[in-house]
Amino acid sequence: MITIPDLIRKKRDGGQLSDDEIKAFIQAVKEKTIQDSQTGAMLMAIWLNGMVSAEIKALTREMMSSGEVMEWPDEWKNFMVDKHSTGGVGDKVSLVLAPALAACGCKVPMISGRGLAHTGGTLDKLESIPGFKVEQSREQILEILDSVGCCIVGQTETLVPADRVLYALRDITSTVDSLPLVTGSIISKKGAESLFALVLDVKFGRAAICKDLESATELAQMLVEAGNGLGIHTAAVLSGMNSTIGRCVGNSVEVIESLETLKGNGPDDLMELVTTQGGLLLVMTGLMSDLSEGRKQISEAVVGGAALSKFQAMMEAQGVNSDTAQLLCSTNADYYSVLRKAKHQLELKAPADGIVLEIDGLVLAQVLHRLGAGRSKAGEPVNHSVGAVLLVSIGQRVTKGDPWLRLHYEDLALTPDQRNHLESALTVGADKKIQTQQKHTLVEKILPEKYQ
């Protein structure tokens, strides 16, 4: 007879839990036959002692099996794909990538999350579009995938219920950053989608969970191994997250930048992430033979307008009025006739002549969060209109007094401390290593290396 105190003691003392013991723990969590204090003790034991590969695979599998596992028509099975990002500033990749993949013949049942702390949430961004419904039933998801090829939805009540319990307790027991627990949480949800292929964007840098490439590589390897362990073809892209992705941060302004990208006007760094992740998925599904061809196919879907058509169809299928969707996707659209615009705008000026050496994305995200763009705990509302638009790029030469940031804010005006904080995010100077207007790349490496 396996008892919960015995399991906690074994893990606390550095032991390796068997498949049956992990199954017993997750079943107790799901069926609520375990006290929160005991679950918290187990989470802390895992945080302190880690887990070996076999434990992580068992944990992920049992979490996935704790609820509904989606089923798809046989003819779709080799084309079911998704991506996941570990969180960034201005990360709007999903809004461009999902419709691009659909335009290339994939089926994308993208189950996304909301923003918490300084990172923005894909669902919050989409909800800034009037009428967009992120809550869809399994039957509705099936219907949207059949007619459009992609949907972006929230996690249903029946999908991985054990993760809901564990995630809430990880937050209050300071075990959120346990790599085995991060892995189990991410991969179990993707496993429940019954995917054929998955690409993970693992961020590293000041504005990421992983502060350096070494820790990001460790997490990426763990995620890839766990994904493959569930029978999903899995790869990871390791990308830098010191500044922002694109020029816009905040819900409405990121939707606008995503739409502009889908109209062929996207920033290079965003397109680099979209084409790399999308290209990998096309290779893993066998639709393309190598990454170079995959990148080209995704790029053509975006620049040529096929992805924009899919995004418009997805909006309409998820509740957006057809006139609204058409307006947003039209050339020279008046975005703010549909999206909420902040009451106030404020431009910050460059403090000196020189080259833009750094723009600290974490500082920018933290100030916007306090102005209402984010939430401090689950369930809080966000202000979709709050955001910022960068007016300069890293490597660009600026003159003292040039505007470098346009802030969109509502009733909460900037405090002197917040203004100082924001102004400190920009570093201007002279650096011979940085050439003016150099191409700024984010992707550092890809795992497994066979896809490089």
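In which helix is the place of Ile298? In this predicted model, Ile298 lies in helix H13, which covers residues 291-303. Its relative accessibility is 0%, so Ile298 counts as buried, the cut-off being under 20%. Setting aside residues up to four places away in sequence, Ile298 touches Ala100, Leu101, Cys104, Val274, Thr275, Gly278, Gly279 and Leu282. A look along the chain gives a sense of scale: Ile298 and Pro73 are separated by 225 residues in sequence, and their C-alpha atoms are 25 Å apart in space.

Apart from neighbours within four places in sequence, Leu101 is in contact with Val81, Cys106, Val108, Gly278, Leu281, Leu282 and Ile298.

Asp82 is placed in strand E1, residues 81-85. With a relative accessible area of 0%, Asp82 is buried. What is Asp82 in contact with, leaving aside its neighbours within four places in sequence? The partners are Val108, Pro109, Met110, Ile111, Lys190, Glu193, Leu195, Ala197, Leu198, Val199 and Leu281.

Attention now turns to the strands around E11. Strand E11 (residues 403-409) is mostly covered, with 5 of its 7 residues buried. Strand E7 (residues 344-349) runs antiparallel to E11 and is joined to E11 by 6 bridges; within this pairing, Pro403 of E11 stands opposite Lys349. Strand E9 (residues 387-390) is likewise antiparallel to E11, through 4 bridges. Here Gly387 has His408 of E11 as its bridge partner, and Ala388 stands opposite Leu407.

Strand E9 has a further partner in strand E6 (residues 248-250), to which 3 bridges join E9 in the antiparallel sense. Val249 has Ala388 of E9 as its bridge partner, and Ala388 is also the residue opposite Leu407 in E11. In a regular strand, side chains alternate between the two faces of the sheet. Both faces of E9 are covered: Gly387 and Val389 are buried on one side, and Ala388 and Leu390 are buried on the other.

A separate set of strands forms an open sheet. Its 3 strands follow the order E10-E8-E12, with antiparallel pairing. The edges are strand E10 (397-398) and strand E12 (426-429), each of which pairs on one side only. Strand E8 (residues 354-359) pairs with E12 over 4 bridges in the antiparallel sense, and the E12 residue bridged to Ile359 is Leu426.

Two helix pairs complete the picture. How do the axes of helix H11 and helix H14 cross? The axes of H11 (residues 251-265) and H14 (residues 306-317) come within 8 Å and cross at roughly 145°. Leu259, Leu262 and Lys263 of H11 make the contact with Ala307, Leu308 and Phe311 of H14. By class, this contact has 5 nonpolar, no polar and 1 charged residues.

In the second pair, the axes of helix H2 (residues 19-31) and helix H4 (residues 53-64) come within 9 Å and cross at roughly 35°. The crossing of H2 past H4 is right-handed. On the H2 side, Asp19, Ile22, Lys23 and Ile26 take part, meeting Ala54, Glu55, Ala58, Leu59, Arg61, Glu62 and Met63 in H4. The residues of this contact divide into 6 nonpolar, no polar and 5 charged. Helix H2 also holds Glu21. Is Glu21 buried or exposed? Its relative accessible area is 14%, so Glu21 is buried by the limit of under 20%. Beyond residues up to four places away in sequence, Glu21 touches Ile2, Leu7, Lys10 and Gln16.

Note on methods. Residues are numbered from 1 along each chain as its sequence is written. This is a predicted model: local features need pLDDT of at least 70, side-chain atom pairs count only at pLDDT 80 or more; totals for chains, interfaces and linings use all residues. Side-chain values use heavy atoms; hydrogens and water are left out. Two strands pair if DSSP finds at least two bridges between them. Axes are lines fitted to C-alpha atoms, for helices over the stretch in contact, and angles run from 0 to 180 degrees between N-to-C directions. A crossing is left-handed if the near helix is turned anticlockwise from the far one by less than a right angle, and right-handed if clockwise. Contact means heavy atoms within 4.5 Å. Ala, Val, Leu, Ile, Met, Phe, Trp, Tyr, Cys and Pro count as nonpolar, Asp, Glu, Lys and Arg as charged, and the others, Gly among them, as polar. Buried means under 20% relative accessible area, exposed over 50%, partly exposed in between (1.4 Å probe, protein chains only).
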